[in-house]
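Subject: Structure for you to look through

Hello,

Here is the structure that I promised to hand over, together with some notes on what I found in it. Please keep the sequence and the 3D view open while you read.

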Amino acid sequence: MKRRRKLSHKEGVVEVSDDIVINILHRLPSKSLARFKCVSKCWRKYIADSSLSYSCRSRRWRPQPYLIGFFYQARDTCERSKIQFFFSSEESSLDIDSSFDQSVSFLGRSAYIVASSNGFLLCNRQRVYYVYNPATRQRMALPKTQIGMNDPTIGFICKVDDPNRDVISFTIVRYWIVQSNVTIESFSSETNAWIVDNLILNVPLRLYFFVYMKSPSAGVVDGVFFWLDQGPQITVYDSVHKSFWALGFPEDMVATGNYFLGFSGGDFYFALYIKTNITVWQLKSNIRSRDALWVRKYVTDVATTVPFGLTGFLHTEVQNMDIHPAIPHIFYLDVKGKVISYDMETDIAELVHDFGEYGWRTKHFKLFSYEWHQWPRGIL
């Protein structure tokens, strides 16, 4: 199909082939296609084509999450009002429409993002939690918590219950440790209520007090939540068997530095990064096992890969990092106020975003990955 159509333009004539139009339509969510049927008879014919409908369905239910970008916010409490968004690639910006909320402005300046999961954000404002869908701007205010906790550690997971009706459910877990006692408060969209559990630890965990925002859970599998606390230590909560413990670090980790724990492609990954050196381990033991088995996966020095022209600095130092939710060998590195996409297998680095701020400020930015599913999901 090579036919071209001419569109009038002040500076001349723009020719757009039918192949390009169809290619664009194949990238759009079903909600946008329904609106674009009114553009012309040809567009209506293209949208009614069975291959286009199949394309929407296949994208809609692809098993791996499609990373569209990151929301980010400073951990520092005085900067929490600053919520912004950047795309993970130029192509990802083509998959969303103008209704997408990039600033999460509905809660005002006192709100902050707590966690993200499966295309939804968990936000908090004045001790009230909200589950928010930036694609549809739908939000749900949760009942007030039973226990007051000063910035507790949070776990958040969304899952699809009814694919035919776009219905999701979610679970929130937050905890606070005092000596050998762990207070856990959990919320389920099925019960619409907060439930409190008090656990006594057989082995007391190390306690750390700090003013920065606590990290959300690195991932949740089969009701088991994993966190990386500032200790540093890895804490685990099994919401099915009501048990809580600390998980050991890799045995062959011989140095100390900055740490990262992430979930990608169905597995957990732990990373140690010291200036430009990054070592990544994969968790091979059962998620409910208290004896961690970590296997070294990647070892790299980004100073040999990230060129001067990419960051503008001769001295490259990784200040923060995150992992792609579906592709475990792709990491996103904060280097001197610039986000670099780094492929551990091919040693390819690409500039994704420039914060436009000094590096000493961006190292306190917290990234929340956002996965786009190209269809509106209801909250209830």
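**Two loop residues**

Asp222 is found in the loop between strand 13 and strand 14 (224–229), where strands are DSSP runs (E, at least two residues) numbered from the N terminus. This is a predicted model, in which local features need pLDDT of at least 70 and side-chain atom pairs count only at pLDDT 80 or more, while totals for chains, interfaces and linings use all residues. Residues are numbered from 1 along each chain as its sequence is written, and side-chain values use heavy atoms, with hydrogens and water left out.

Most residues other than glycine have a negative phi. Asp222, although it is not a glycine, has a positive phi of about 50°, and with 54% relative accessibility Asp222 counts as exposed (exposed is over 50% relative accessible area, buried is under 20% and partly exposed is in between, with a 1.4 Å probe and protein chains only). Asn118 is not a glycine either and has a positive phi of about 55°; Asn118 lies in the loop between strand 5 (112–117) and strand 6 (120–125), but at 15% relative accessibility Asn118 counts as buried.

**Around Gly219**

Gly219 belongs to strand 13 (residues 219–221) and counts as buried, at 8% relative accessibility. If residues up to four places away in sequence are not counted, Gly219 touches Val224, Phe225, Phe226, Phe263 and Phe268, where contact means heavy atoms within 4.5 Å. Asp267 is 48 residues from Gly219 in sequence, and their C-alpha atoms are 8.9 Å apart in space.

**Aromatic rings**

How many aromatic pairs does a search of the whole structure find? The search finds 27, where rings of Phe, Tyr and Trp (its six-membered ring) pair if their centres lie within 6.5 Å, and planes under 30 degrees apart count as stacked, over 60 as edge-to-face and the rest as tilted. One of the pairs is Phe71 with Tyr370, which is edge-to-face, at 5.8 Å centre to centre and 90° between the planes. This pair links distant parts of the chain, as Phe71 in strand 3 (residues 67–74) and Tyr370 in strand 25 (residues 365–371) are 299 residues apart. Phe71 is buried, with a relative accessible area of 0%, and Tyr370 counts as buried at 2% relative accessibility.

Phe187 and Trp194 make a tilted pair, because their ring centres are 5.3 Å apart and their planes are at 50°; both Phe187 and Trp194 are buried. The charged end of Arg174 sits over the ring of Trp194, 5.8 Å from its centre (this needs NZ of Lys or CZ of Arg within 6 Å of the ring centre and within 35 degrees of the ring normal). Elsewhere, Phe70, Tyr72, Phe86, Tyr332, Phe355 and Phe365 form one aromatic cluster.

**A pocket**

The second largest pocket holds about 410 Å³ of space. A pocket here is an open set of points on a 1 Å grid over the protein atoms alone, where a 1.4 Å probe fits, with protein on both sides within 12 Å along at least five of seven lines, and lining residues have an atom within 4 Å of a point; grid points are joined across faces, edges and corners, and the volume is the space filled by probe spheres set on the points. Of the 21 residues that line this pocket, Phe170, Thr171, Phe187, Ser188 and Ser239 are the closest to its centre. Strand 10 gives the largest share of the lining, four residues.

Best wishes
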